Amino acid sequence: MTRPSSRPDRDGASPSRSPVLPDTPIQPASEGSSEDGTVPPASPAPDTTRATGSVAGAVTPVSKPDRAQYLVCAFLALVGGGVIFDAARIGQAVSSADSLGPKPVPILLGLLLLAVAAFYAIDVARGGAGEPEAGEDVDLDTPIDWRTVLLLVGVFLTNAVLIEPLGWVISGTLLFWGAAFALGNRHHIRNLLLALGLSLLTFYTFAIGLGVNLPAGVLRGIL
């Protein structure tokens, strides 16, 4: 295989040969660098204090005290003072079974009320306030269920009328069963059995545990 001979130009000079470049791949420009190879300066970090609206270490402004809470403090102090004054007027009734008498307990309660009023006033003066209740999801636009309210009122009035002639066991059973019915429970047989068991339990708890005899009514001599 013969090489092609170079032909001279018209003026007799041999043509110039272009230099042979090596077969190297062209490296793409890295991200963040310009075409000439220089790296641009890094952009400053965003100012996070503007987004949050506060600077680290800034002092939180103290809220103003709720002056209405001082009325509660005054009420507690008034009750505590009244309890102590009333206890001081109790006569000396000391027996062998009770060597202290009736004065120390009400005086202690009055002093505790005064202490609570004082600490409460200090907390209010320092800006303390109760947190709003967020546990209850109450829809204020919902109308009152007057049917349920009237049923419950009727059940309690029926118990008040029937407790003497029929006795607590029967009237209490009607009370518990009627309250469950008014609140929307429609398991009548199960509710009736549970109401009867609860009435008997409370009847014997008061009679045996507390020594208070509830009206037996028509079941006198059976219970």
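**Notes on the predicted model**

1. N191 is buried, its relative accessible area being 9% (buried means under 20% relative accessible area, exposed over 50% and partly exposed in between, with a 1.4 Å probe and protein chains only). N191 lies in helix α6, residues 188–209, where helices are DSSP runs of H or I with at least four residues, numbered from the N terminus. Setting aside neighbours within four places in sequence, N191 is in contact (heavy atoms within 4.5 Å) with W177, A180 and N185.

2. This is a predicted model, in which local features need pLDDT of at least 70 and side-chain atom pairs count only at pLDDT 80 or more, while totals for chains, interfaces and linings use all residues. Residues are numbered from 1 along each chain as its sequence is written, and side-chain values use heavy atoms, with hydrogens and water left out.

3. The largest nonpolar core consists of seven residues, V155, I163, W168, V169, L175, F203 and A216, such a core being a set of buried Ala, Val, Leu, Ile, Met, Phe, Trp, Tyr and Cys residues joined through side-chain atoms within 4.5 Å. Two or more residues come from each of α4 (146–166) and α5 (168–182), and α5 gives the most, with three residues.

4. V155, one of the residues of that core, touches L174, L175, G178 and A179, when residues up to four places away in sequence are not counted.
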